[in-house]
Amino acid sequence: MRVGYIGLGIMGRPCVLNLLRAGHEVTVWARRPDTAAPLLEAGACWADTPAALASGVEVVVSNVSDTADVEAVLLGPDGVADGGRPGLVCVDMSTISPLGAREIARRLGERGIDFLDCPVSGGEVGAVQGTLTIMVGGRAEALEKARPVLQSMGRTITHIGDSGAGQVAKACNQIAVGVGVAAVAEVMKLAKACGVDPVPVRQALLGGFAQSRVLDIHGQRMIDDNYAPGFKAKLHLKDMGIVLDTAQSLGIRLPEAERVAGLIGQLVQEGGGELDSSAIARLIWAEN
């Protein structure tokens, strides 16, 4: 298919490479043109604006930082909506507000453009390997049109429901990951306090009912004390803000999510925003 891709960061670059490997024709745009250089060498084309990018493709994929950025590239001046024709499908793989996703879908729908909110899980490793988990909100017909594009980037594609539903699933994912990281950090804290090596403890737990990818991947990070980012703390903090804002709008409390958001916020405040969010383990270990 003819695909446009907006946002060439830690997730976007490998996704574009996977699209090219799958045989799609890919045109790219980013705020910093220099980020596109290796992708242009790999066969991608460059567009000067999101509008120009949208004019020649069937599917536009965006992967940017937050709700405001998605609105800017899709609906702002020289945005996708200015260049896209009816029948275009916009696939947004960013993590944004569920309410924001619904509003973007409504405004694009007025132009005859479909919008799929498609946040992902799997981090940089999943993007590189093309094994992302993709949670989809939007019309089923639009998903089927975009499915060959999504299959080039992800292994598990789940249609959650109408517009915004994908973002709800991602918010749930971020709670589970954050609380899981805190739990694994406490596991290792208890083991060490008891004078037991946490390495075989983790190995034993991986073979039982406590097994999880968080214990596997982030548990190893903690053992190695290596927090090179798979998912930066500053981005996880943004996502947890979405979680808590959504909960507040619904009149519910999520106490464990609140605690984890506080820990990630402390990590960022202390200068750890570029570290993987699992670095909150250091804060948990420092607590009495």
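**Figure 1. Salt bridges in the predicted model.** A search of the whole structure, a predicted model, identifies 18 salt bridges. Side chains of opposite charge can pair when their charged atoms come close. Selected pairs are presented in the views that follow.

**Figure 2. Close-up of the salt bridge between Arg 2 and Glu 58.** The closest N and O atoms of Arg 2 and Glu 58 are 4.0 Å apart. Arg 2 belongs to strand S1 (residues 2–6), whereas Glu 58 sits in the loop between helix H3 (50–54) and strand S4 (59–62), so the contact ties together parts that are 56 residues apart in sequence. Arg 2 is partly exposed, its relative accessible area being 35%; Glu 58 is likewise partly exposed, at 25%.

**Figure 3. Close-up of the salt bridge between Arg 282 and Asp 225.** Here the closest N and O atoms are separated by 3.2 Å. The pair links distant parts of the chain, 57 residues apart: Arg 282 lies in helix H14 (residues 280–286), and Asp 225 in the loop between helix H11 (213–224) and helix H12 (233–250). Arg 282 is partly exposed at 37% relative accessibility, and Asp 225 is partly exposed at 43%.

**Figure 4. Close-up of the salt bridge between Lys 234 and Glu 274.** The closest N and O atoms of this pair are 2.7 Å apart. Because Lys 234 lies in helix H12 and Glu 274 in the loop between helix H13 (255–272) and H14, the pair ties together parts that are 40 residues apart in sequence. Lys 234 has a relative accessible area of 38% and is partly exposed; Glu 274, at 41%, is also partly exposed.

**Figure 5. Close-up of a salt-bridge network.**

Note on methods:
Residues are numbered from 1 along each chain as its sequence is written. This is a predicted model: local features need pLDDT of at least 70, side-chain atom pairs count only at pLDDT 80 or more; totals for chains, interfaces and linings use all residues. Side-chain values use heavy atoms; hydrogens and water are left out. A salt bridge is a side-chain nitrogen of Lys or Arg within 4 Å of a carboxyl oxygen of Asp or Glu. Helices (H or I, at least four residues) and strands (E, at least two) are DSSP runs, numbered from the N terminus. Buried means under 20% relative accessible area, exposed over 50%, partly exposed in between (1.4 Å probe, protein chains only).
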